[in-house]
Amino acid sequence: MAPQERSAPRRRNPRGQGQLLKAQLVDAAAKLLATLDQPETLTLRQVAREVGVAPASIYGHFPDLGALVQHVLRLRYEELARLMDETARPAPDPLSDLVARCAAYVRWGVGRPGHYRTLFGGRMPDDLVPGSAHGGGAEPLEAVVVSLAAVTGAEATAERQWQAGLLLWTALHGLVSLYNDHGNMPWPPLDDLIIDLLSLHTARPAAEIAPLLPPRGDDDPASAGTPSPASGL
């Protein structure tokens with residue numbers, strides 16, 4: 001390893017601060033998954049080097065790499081679901097609720113392309129990350145299904161409501177993925193794309209949806225216009 005690639009020596013955590021090391025390991029794994037060109041090649045040794053500990057130190061917190069990666073996935077899904085819920089909480093009606101949830105999803109995915117890829121990129125091998133590890137994604141999807149059904153009419157069968165919600169989520173996912181992967185295209189403003197997409201899936205005019213978009217937070221990293229090169233985080 002070249003000298004410049006070595007991590008700075010890590011100071012030992014004081015006694016009783018094992019949870020601090022666990023948090024550092026999780027943060028390091030999340031960063032590497034979000035920034036590696038080939039996240040499927042992640043190793044425990046890389047995580048340990050990022051934190052500045054011996055690889056053996058990881059086993060006191062995670063039995064193997066799969067457990068660590070699955071922990072990262074669970075935290076990211078919880079973060080996304082919580083953001084969608086918090087953004088929609090002030091919504092006064094079903095359409096506002098749907099717009100808020102979908103805008104939060106798209107803005108989070110575009111603002112944090114590396115973390116979005118970790119969840120939805122499909123790059124991790126099944127023996128490391130089984131399909132069950134993505135169960136946390138059911139919560140935001142189900143929220144979109146329920147919210148869309150409240151807008152378009154609850155008289156549809158549960159099967160039709162599920163299919164409509166799944167198609168909307170598919171469209172949202174496609175928007176985020178293409179926006180992130182092809183940033184050099186002359187994209188319209190991101191919010192305009194969200195508005196038009198929701199107009200198509202709700203049969204509501206764009207002029208009705210546009211005023212319902214929640215304001216962006218001061219720390220919202222998603223650009224309102226053509227995306228700049230993504231940092232991966």
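Let's start inside. The model has 1 cavity of 30 Å³ or more. A cavity here is a set of points, on a 1 Å grid over the protein atoms alone, where a 1.4 Å probe fits but cannot get out. Points are joined across faces, edges and corners, and the volume is the space filled by probe spheres set on them.

Some ground rules. This is a predicted model, where local features need pLDDT of at least 70 and side-chain atom pairs count only at pLDDT 80 or more, while totals for chains, interfaces and linings use all residues. Residues are numbered from 1 along each chain as its sequence is written, and side-chain values use heavy atoms, with hydrogens and water left out.

Back to the cavity. About 40 Å³ of space lies in the largest cavity. Which residues line the largest cavity? They are Met84, Tyr105, Phe120, Gly137, Pro140, Leu141, Val144 and Trp169. A lining residue has an atom within 4 Å of a point. H6 gives the largest share of this lining, with 3 residues. By class, the lining has 7 nonpolar residues, 1 polar and no charged ones. Nonpolar here means Ala, Val, Leu, Ile, Met, Phe, Trp, Tyr, Cys and Pro; Asp, Glu, Lys and Arg are charged, and the others, Gly among them, are polar.

Now the whole chain. It comes to 9 helices and 0 strands. Both are DSSP runs, numbered from the N terminus: helices are H or I with at least four residues, strands are E with at least two. Of the 233 residues, 41% are buried. Buried means under 20% relative accessible area, exposed means over 50%, and partly exposed is in between, with a 1.4 Å probe and protein chains only. Take contacts between residues at least 6 apart in sequence: 69% of them join residues at least 24 apart. A contact is heavy atoms within 4.5 Å.

Next, the core. The largest nonpolar core has 61 residues. Such a core is a set of buried Ala, Val, Leu, Ile, Met, Phe, Trp, Tyr and Cys residues, joined through side-chain atoms within 4.5 Å. Among those with the most contacts inside this core are Leu42, Tyr105, Val106 and Ile194. Helices H1 (18–35), H2 (44–51), H3, H4 (94–111), H5, H6 (138–152), H7 (158–181) and H8 (190–202) each supply at least two core residues. Which helix gives the most to this core? H4 does, with 10 residues.

Look at tyrosine 105, in helix H4. Is tyrosine 105 buried or exposed? It is buried, at 1% relative accessibility. Beyond its neighbours within four places in sequence, tyrosine 105 is in contact with Leu80, Met84, Tyr116, Phe120, Trp169, Leu172, His173 and Val176. Tyrosine 105 and tryptophan 169 are 64 residues apart in sequence, yet 9.5 Å apart in space, C-alpha to C-alpha. Go one residue on. Leaving aside neighbours within four places, valine 106 is in contact with Leu172, Leu175, Val176, Leu190 and Ile194.

On to the rings. Tyr77, Tyr105, Tyr116, Phe120 and Trp169 form one aromatic cluster. The structure holds 6 aromatic pairs. Rings of Phe, Tyr and Trp (its six-membered ring) pair if their centres lie within 6.5 Å; planes under 30 degrees apart are stacked, over 60 edge-to-face, and the rest tilted. Tyrosine 77 and phenylalanine 120 pair edge-to-face, at 6.0 Å centre to centre and 80 degrees between the planes. Tyrosine 77 lies in H3 (65–88) and phenylalanine 120 in H5 (113–120), so this pair ties together parts 43 residues apart in sequence. Tyrosine 77 is buried, at 3% relative accessible area. Another pair, tyrosine 179 and tryptophan 187, is tilted: 5.2 Å centre to centre, 45 degrees between the planes.

Last, two helix ends. In H2, Leu44, Gln46, Val47, Ala48 and Val51 are buried. Residues three or four places apart in an α-helix point the same way, because there are 3.6 residues a turn. Just after H2, glycine 52 takes a positive phi of about 95 degrees. Alanine 203 sits in the loop between H8 and H9 (206–209). Its phi is near 60 degrees, a positive value in a residue other than glycine. Alanine 203 is exposed, at 68% relative accessibility.

Key:
1 Å grid on protein atoms, 1.4 Å probe; cavity = no way out; pocket = protein on both sides within 12 Å on 5 of 7 lines; lining within 4 Å.
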